[in-house]
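Visitor: I have a model open and want to learn how to read it. Where do we start?

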Amino acid sequence: MSMCSSSSGSSSTKSWIVHGIVAGAAIAVAFGAGAYLGRYRKFRSRVVGIIPARYASSRFEGKPLVNILGKPMIQRTWERTKLATTLDHIVVATDDEKIAECCRGFGADVVMTSESCRNGTERCNEALQKLDKKYDVVVNIQGDEPLIEPEIIDGIVKALQAAPDAVFSTAVTSLKPEDAFDPNRVKCVVDNRGYAIYFSRGLIPYNKTGKVNPQFPYLLHLGIQSYDTKFLKIYPELQPTPLQLEEDLEQLKVLENGYKMKVIKVDHEAHGVDIPEDVEKIETLMRDKNLS
């Protein structure tokens, strides 16, 4: 076993994904994209999954290499990602040789990127430019989601393929009341066509009582996202925007510049590792579910 998975998506997850794809297809037709959808499997068909990983982190240094029940977290994320059916290739993009050596040790392809990348999206873009093959879609898979469901990866890819007017796609799930005011749990609001309106570290929408409304379906953003590669190439050229800087959320730069972002809702219990204390929670969950 390398020292340097795994429940399948529920039927509810799959039904939400299908709903998102169908909605995207209907919108695409409304925008005169019938020709694209007639060749559905060919449009944005070449897909690469990139797992950005950096050693330096203000909240959790060395996070990708943290041990989770005998394997480094980056390996667990990579193993789950390999179960997705829409990805033609998977690479880890890192600026750290320790991470690169670990990943090569368990069989992952690695692309070295510069330390100047300001976020995972820019790291994905740099890695994309260094790949020999050309791709239409890049999936940015968060390395700190060791229990990511492959159905979610496939879902956001298919949603982007079905929405030619969008340059970006991502996933949300139901927000737990206890996470409502946790700034590490990013919230999202969407319009009635399934496109993102806003993301925030604060609770949105926020009612005048200042309390969580137990009847309202608040949404939690899952870190995974996919991009059209043509858009990804211009993303680094876009200047940082006020909302992006204030919330420290890179996806807000996309919205502030007027681009569309498709959102699918899935039934998924988020288990990201943001701080060291989250590792014990993940390991307890894996033991309870008999995951190794």
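Guide: Start with H6, a helix that is mostly covered: 11 of its 12 residues are buried. Buried means under 20% relative accessible area, exposed over 50%, partly exposed in between (1.4 Å probe, protein chains only). This is a predicted model: local features need pLDDT of at least 70, side-chain atom pairs count only at pLDDT 80 or more, and totals for chains, interfaces and linings use all residues. Residues are numbered from 1 along each chain as its sequence is written, and side-chain values use heavy atoms, without hydrogens and water.

Visitor: Which residues of H6 are buried?

Guide: Among them are Pro150, Glu151, Asp154, Leu160 and Gln161.

Visitor: How many helices and strands does the chain have?

Guide: Count DSSP runs, numbered from the N terminus: helices are H or I, at least four residues, and strands are E, at least two. The chain has 10 helices and 11 strands. Of its 292 residues, 55% count as buried.

Visitor: How many disulfides are found in the whole structure?

Guide: A disulfide is a pair of cysteine sulfur atoms within 2.5 Å. The search finds zero. The closest cysteine sulfur to that of Cys117 is in Cys124, 9.2 Å away, so it is too far for a bond.

Visitor: Is Cys124 buried or exposed?

Guide: Cys124 is buried, at 0% relative accessible area. Cys117 also counts as buried, at 13% relative accessibility.
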